[in-house]
Amino acid sequence: MSRAEATKARILHAATEEFAAYGIAGARVDRIAKAASANKNLIYVYFCNKDGLFDAVFDAHVGRGLDMVPFTADDLPDYAGRLFDFYQKHPEVLRLATWHRLERGTVAERDPAVAKPTRDDKLAALEAVQKDREGTPGFTPATLLTLVLAIASAWSPTNAASMPATAALAADPAECRNTIVEAVRRLM
């Protein structure tokens, strides 16, 4: 890895922590540069501005990150469980996605859970499974996907409806996971 690539990687790592903690508006380029042991001007050279840096962090962690959890339209309970596992290992993903929605609105093309072509592929797969199976819920594929994603993130600290999320997870994350899988199974 070249020196420039190493610096860029340090900046992205520091920016991930900064944006996950403070959002776009609250993040400070000075803090990112200091945490990355990098010259502040390099952030502008590599990413143009703070928004460009956020986009790079968002794409790296949220967009590509969720691609690491293979979508299984024919086994949504297992998919929800694997999403829960991913969120537990990578809590910054939900925080970054939440900051994105709060500060930039719900732009479907930029939201990882509904981004194209990923969103279209998931919806087409769900529609095909629904056509092949009798007794599937009468929800549209888009509604079903939204419900599964919401259930999978039920105990996330970013979920305002989660009642003491941290206490429930500290007590037994496996029980939270099992509850998520069972809830999606019942939804089906």
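Hi everyone. Let me start with a definition: two rings of Phe, Tyr or Trp count as a pair if their centres lie within 6.5 Å, with the six-membered ring standing in for Trp. Planes over 60 degrees apart make a pair edge-to-face, under 30 degrees stacked, and the rest tilted. With that in hand, the structure on the screen, which is a predicted model, holds five aromatic pairs.

Let's walk through two of them. The ring centres of Phe19 and Phe54 are 5.1 Å apart with the planes at 85 degrees, so this pair is edge-to-face. Phe19 belongs to helix H1, residues 3–26, while Phe54 belongs to helix H4, residues 50–66, so the pair ties together parts 35 residues apart in sequence. Are these two residues buried or exposed? Both Phe19 and Phe54 are buried.

Now on to the next ring. Phe54 and Phe58 have centres 5.8 Å apart and planes at 35 degrees, so that pair is tilted. Both sit in helix H4, four residues apart, which is about one turn of the helix. Phe58 is buried, as is Phe54. Put together, ring pairs link Phe19, Phe54 and Phe58 into a cluster.

One more ring for you: Arg31 lies over the face of Tyr22, 4.3 Å from the ring centre.

Finally, let's zoom out to the whole chain. It has 10 helices and zero strands. Of its 188 residues, 36% are buried. Among contacts with a separation of 6 or more, 64% come from residues 24 or more positions apart. The chain exposes about 10300 Å², and carbon and sulfur atoms supply 55% of that.

Conventions: Residues numbered from 1 in each chain as written. Predicted model: local features only at pLDDT ≥ 70, side-chain atom pairs only at ≥ 80, totals over all residues. Heavy atoms only, no water. Helix = DSSP H or I, 4+ residues; strand = E, 2+ residues; numbered from the N terminus. Buried < 20%, exposed > 50% of the residue type's maximum accessible area, 1.4 Å probe, protein only. Contact = heavy atoms within 4.5 Å. Areas by Shrake-Rupley, 256 points an atom, 1.4 Å probe, with all protein chains shown as cover. Lys NZ or Arg CZ within 6 Å of the ring centre and 35° of its normal.
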